[in-house]
2 protein chains.
Amino acid sequence: MTSRPVSLRDIAEKLGISVKTVSGALNNNSIRMSEETRERIRTLADEMGYQPNEIARGMRAGVMPIVGLLADGLVTQPFATEILRQFDNLLRSQGLTVIVTSIHSGEHTEKSINELRRLMPQQIVYASMFHQAIDLPEAVRRQISLMLNCFDIHGEIPSLVPDEEFAGYEAATFLLDGGRKRIAYLDLPGLIAGSLRAAGFRRAMSERGETVRNDWLMPATKGALYSDRARSLVKATIEAWFSASEAPDGIICGNDRVAMEVYNSLRRVGRIIPDDVAIISFDNQVDIARRLDPPLTTMALPHREIGRFAGDIVTGRKPIPQGLARIPFRLVERSST
Amino acid sequence: MTSRPVSLRDIAEKLGISVKTVSGALNNNSIRMSEETRERIRTLADEMGYQPNEIARGMRAGVMPIVGLLADGLVTQPFATEILRQFDNLLRSQGLTVIVTSIHSGEHTEKSINELRRLMPQQIVYASMFHQAIDLPEAVRRQISLMLNCFDIHGEIPSLVPDEEFAGYEAATFLLDGGRKRIAYLDLPGLIAGSLRAAGFRRAMSERGETVRNDWLMPATKGALYSDRARSLVKATIEAWFSASEAPDGIICGNDRVAMEVYNSLRRVGRIIPDDVAIISFDNQVDIARRLDPPLTTMALPHREIGRFAGDIVTGRKPIPQGLARIPFRLVERSST
DNA sequence: ATGAAAGCGCTAACAT
DNA sequence: ATGTTAGCGCTTTCAT
């Protein structure tokens, strides 16, 4: 039994003035108007519980207070949702609604964009579950204003990505500073994150004059990491490393899931973390990292920061970055180092 | 340089007929109209790439093709997102857009509903990250048509929840069928899921004439499970159980995260899974369950089923359930049993 | 300073 | 069977 919402006209009639005047008063246009009138109108609007009809507004403006988010795997694979959460919070506080559409690695992107467009969003943002390069057709590219956790291979769309290389550098530096010298690395094959983190690792090692042994920089899986036919090599690799005459005293794991397997394998070969081997990793997938025994030291992906930054850009509080903006990881120190 | 989208009027002018006729043709109303005319109009509309303006439609109808979803922790805590994913997919296939608003255990619900309402959704659904009882004020209750993974304590709103009791029953039965007799249970204190699963466990045991030992039905944490000051009791409990003269040969873990701790603790007391102890759990949080060593047998939460069911209800393909509909879990057998 | 009127794109009610 | 009119709620001319 809810009654019809109050419209501008309801207010205007009650005051015996025109709709336009009310509209002007509430929107601060109509430069000339006595402050008194304006105030009177505002008060009455509040009293009557006036809420502007966004649909009507949208129709007039040709745009709705909506921002579309193309989520590439973001909804499916839950762990990057922090990006979305921060982004959503920020936009909401500005009266904007985020509409999420999940897609899968660029497939059906055009169709999804068209669906989104039906609701006339102000802009459309593309976010990926993991750090990847995206190749979109030209017609699609023109419609996307920002990319999160991924980037446009054509370099046309501003992008916010985690600074993987620097994270690899920091992880290695952290182990080196802790006195570890014989550092091994379990790479994530087929992932941008993997190769950049490995590059940072190499840079840190070379700056410190440490050698990177070829047999200590191994892929964690056979085949690209997230593919269906990826087979874990962790157990075999750890067994090989720790049956040789010289074993690593620190392992950098491509990500927390790899670290979880490393923990299992180290137990089998009877090594103690961190006494025998220090472990550091990437991502900070808290369900895993915090619960491992001992809790895992890891470089936290800056998902939160990316989400906030993106929100600030979309709401115009920060300038649009040129090209690629690299956001730093945060070291979360626990007990594995 | 995109041109203005084509409107009904564009089509009408081109054909020299009235707007209304075009509208009627495309919407199958206007009962009387030669099939030929209708077809001609349709063809031209397609050619011109006509897309109905949903905003204008919404303004006319007073409702948008939108369903609001109040997500209680759903976005924050990523692991129940499967509900959302299925729900979203189903609605999308019917031309409906889901708008998610995250809230926190009933706080700000009214404000969030009002925000949602600005976009004039057809209905509003409430979904919770975990199975809980929700107490909403009357004014709010009236606006919610369905609750997912939680229920209205006033019993007024149709609800879809996992059948926790039966899952507990099935987990226990599975261990019993596997020849285990001395079954212990690690409960989730302060959670509906916990007490119902425990009840099912008791029922199965009593049906089989097995006794439930008081000291073998213990809480996994001190304090409610997800509260900040919950402290894990798993390690101490396992140590106590396995230093006594008679130890369990099967453990039912309140959920997969508890199981992860049980694995760690069992290693410390030198027991082998499943040789010495079978482990079964609840949730099927795949990142954890599949990666534990050995992989964990667990009762999978029916999130997917809840999402689908909800989608079918909202799109009118299934009738609205009366009161509480309990959706069964699915047993995922791995190597811990 | 305020009001009147037009129009955004669509559909329902009412003619013809 | 097709066309005309009106109106959803809002904002933007243009007039007063």
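How many residues apart are Glu39(A) and Arg42(A) in helix H3 of chain A? They are 3 residues apart, and because of that spacing about one helical turn separates them within H3, which spans residues 35-48. This is a predicted model, and in it Glu39(A) and Arg42(A) form a salt bridge. Over all chains, the count comes to 47 salt bridges.

**Where the chains meet**

Let's turn to the contact between chain B and chain A. Each chain contributes 38 residues to it. About 4,000 Å² is buried between the two chains, and carbon and sulfur atoms give 54% of that area. On the chain B side, the residues that lose the most area to chain A are Ile55(B), Arg118(B) and Arg291(B), which together make up 18% of what that side buries.

Charged groups take part here too: 10 salt bridges are counted between chain B and chain A. One of them pairs Arg257(B) with Asp287(A). The table sets this pair beside the one within chain A.

| Salt bridge | Closest N and O atoms |
|---|---|
| Arg257(B) with Asp287(A) | 3.4 Å |
| Glu39(A) with Arg42(A) | 3.7 Å |

Across the same interface of chain B and chain A, 12 residue pairs are in polar contact, with both residues at pLDDT 80 or more. Several elements of chain B give two or more residues to the side that touches chain A, namely helices H4 (54-61), H5 (81-93), H11 (256-268) and H12 (286-289), along with strand S2 (97-103). H11(B) gives the most, with 6 residues. By class, the side of chain B that touches chain A holds 15 nonpolar, 10 polar and 13 charged residues.

**A sheet in chain B**

H11(B) also leads us to a sheet, as this helix lies across strands S6 (183-187), S10 (250-253), S11 (278-283) and S12 of chain B. The helix runs at about 155° to S11(B).

The sheet itself is open and built from 6 strands of chain B in the order S7-S6-S10-S11-S12-S14, with mixed pairing. Strands S7 (217-219) and S14 (330-332) of chain B stand at the edges with a single partner strand each, so one side of each has no neighbour in the sheet. From one strand to the next, the twist averages 20°.

Methods. Residues numbered from 1 in each chain as written. Chains lettered and ligands numbered in written order. Predicted model: local features only at pLDDT ≥ 70, side-chain atom pairs only at ≥ 80, totals over all residues. Heavy atoms only, no water. Contact = heavy atoms within 4.5 Å. Buried area = accessible area lost by both parts, 1.4 Å probe. Salt bridge = Lys/Arg side-chain N within 4 Å of Asp/Glu carboxyl O. Polar contact = N/O pair within 3.5 Å; in protein donor to acceptor, adjacent residues only side chain to side chain. Helix = DSSP H or I, 4+ residues; strand = E, 2+ residues; numbered from the N terminus. Nonpolar A, V, L, I, M, F, W, Y, C, P; charged D, E, K, R; others polar. Pairing = 2+ DSSP bridges. Axes fitted to C-alpha atoms, helices over the stretch in contact; angles between N-to-C directions.
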